Amino acid sequence: MKRALTDLALFGGPTAFLRPLLVGMPTVGDRARFLARLEWALDNDWLTNGGPLTTELEGRIADIAGVRYCVATCNATAALQLVLKASGVTGQVIMPSLTFAATPHSAAWVGLEPVFCDVDPVTGCLDPARVEELITPDTGAILGVHLWGRTAPVIELEKVAAEHGLKLFFDAAHAFGCTSGGRPIGGFGNAEVFSLHATKTVMSFEGGAVTTDDGELAERLAALRNFGIDRDRSVNAVGMNAKMSECAAAMGLTSLDAFEETRARNQENHALYRSELRGVPGIEVLAFDEGERNNHQYLILLADREVTGLHRDRLQALLEAEQVFPRLYFSPPCHQMPIYRTDPPLRLPHTERLSEQVLALPTGPSVSFEDIRRVCSIIRLAAERGGQIEAMWDQAVPA
Ligand code: T4K
């Protein structure tokens, strides 16, 4: 990397200092409570296979999601696979491309074909009108994503799915504790899937959870995550091992205890980022609907090169030189990944524009207000001197 120019000190700005700031730093909650739960599991000699901590976590997640059933898993990717398999989906699954690779992979892994659909230019979530255009006799399901915790148009998608007799699922990996129309995420479509990965607001090291009101589906899921062994110990399906361990559940419960505090802190961080970057041309901190509950898990910045004169990747490099490590959630979009690329290339204009501009920035309880002011001062400076930095970039002397 051309370090000489990535050092903002050249422009009279911040210099490299302090600890690295990462996106997705874990929110553990009360460590003593976690350890006490772990001790309890060890004392009880029950460590996995539907233990009491996992059952308690499932109950609490179902309550928050406002549904009757929750099936906890080892991660959300396996949960998505199980949902598609347990629902008997065949053929094609319509989904956004502006998502993590896990979304299309989960369909492809169970022999289904991901069909990428463009998104609404403002929300970044599936556009129901575009979805409808892609429905064919081969379509088996629609898989929406609540991108960055901003919820997909759930009611409109439910309508499209019902009119065409399709199953509808939501990848709710980003949307734990969020609402749409005042209703909790977790209860829309046929089933929704949360991620409890270490980087999420509520986390269990690795983990996932399916929520649904469909009792038969929940029963099939419970069997499929446990080698296909059903309630009567009979194996009637090709299952896998996607169970959650008691250690993961202990972490999940402890992180869940801290959820309200984490959420409130994320919201304050979001407000500070917004006020610090308000009015900076070409820089937008994505807003959330104030009428809904949001977990503010991701702090999403859109950097418009046409206005700042600075490529998003240069901004990323400048931040990294200052020990701030943004993530590209999600760039490239899935339809441009080598594994999903087509010839001729599929064009999804709104997806591609958002993907070119997006930067996820550090947030969470371990990011201080001082940290945020520092990150914002780098972004302000970079945006103001965008053209100048861009022009000098190619002449930079390798470090
Ligand atoms: N659907 C969607 C829409 C998703 O975004 C995801 C996952 C899934 C489905 C699948 O869920 P899971 O099967 O994972 O339950 C990370 C996470 O690994 C992934 O769970 C998440 N989405 C995705 C958005 O972010 P990477 O490839 O960015 O991971 P990594 O390790 O390169 O970087 C994570 C960031 O977090 C870095 O800034 C480092 C930091 N970090 C990470 C870990 C593990 C920490 O500070 N501490 C840690 O312990 O995917």
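Modeller: Let me begin with the second largest pocket, which holds about 400 Å³ of space. It is lined by 23 residues, and Phe 100, Ala 102, Ser 195, His 197 and Lys 200 are the closest to its centre. A pocket here is an open set of points on a 1 Å grid over the protein atoms alone, with protein on both sides within 12 Å along at least five of seven lines, and a lining residue has an atom within 4 Å of a point. Grid points are joined across faces, edges and corners, and a volume is the space filled by probe spheres set on those points.

Colleague: Before we go on, what kind of model is this, and how are the residues numbered?

Modeller: This is a predicted model, in which local features need pLDDT of at least 70 and side-chain atom pairs count only at pLDDT 80 or more, while totals for chains, interfaces and linings use all residues. Residues are numbered from 1 along each chain as its sequence is written, and side-chain values use heavy atoms, with hydrogens and water left out.

Colleague: Which helix gives the largest share of the lining of that second largest pocket?

Modeller: H4 does, with three residues, and both H4 and H5 supply at least two residues each. Helices (H or I, at least four residues) and strands (E, at least two) are DSSP runs, numbered from the N terminus. By class, the lining divides into ten nonpolar, nine polar and four charged residues; Ala, Val, Leu, Ile, Met, Phe, Trp, Tyr, Cys and Pro count as nonpolar, Asp, Glu, Lys and Arg as charged, and the others, Gly among them, as polar.

Colleague: And where does the ligand sit?

Modeller: The ligand sits in the second largest pocket, in the sense that more than half of its atoms lie within 2 Å of the pocket's grid points.

Colleague: Which residues come nearest to the ligand?

Modeller: There are 24 residues around the ligand, and Val 23, Thr 77, Asp 171, His 174 and Tyr 329 come nearest; a residue counts as near if one of its heavy atoms lies within 4 Å. Helix H4 (76-86) and helix H5 (102-109) each supply at least two residues of this shell, which divides into eleven nonpolar, ten polar and three charged residues.

Colleague: What about polar contacts with side chains?

Modeller: Taking a polar contact as a pair of N or O atoms within 3.5 Å, I can point to Asp 171, where a polar side-chain atom lies 2.6 Å from a nitrogen atom of the ligand. Tyr 329 has a side-chain N or O atom 2.5 Å from an oxygen atom of the ligand, and a polar side-chain atom of His 197 lies 3.3 Å from an oxygen atom of the ligand. The protein covers 76% of the 920 Å² of accessible area that the ligand has on its own, with areas from the Shrake-Rupley method and a 1.4 Å probe.

Colleague: Changing topic, what lines the largest pocket?

Modeller: The largest pocket has a volume of about 580 Å³ and is lined by 24 residues, with Glu 58, Ala 218, Ala 222, Ala 223 and Arg 225 nearest its centre. Its lining has nine nonpolar, seven polar and eight charged residues.

Technical notes:
Polar contact = N/O pair within 3.5 Å; in protein donor to acceptor, adjacent residues only side chain to side chain. 1 Å grid on protein atoms, 1.4 Å probe; cavity = no way out; pocket = protein on both sides within 12 Å on 5 of 7 lines; lining within 4 Å.
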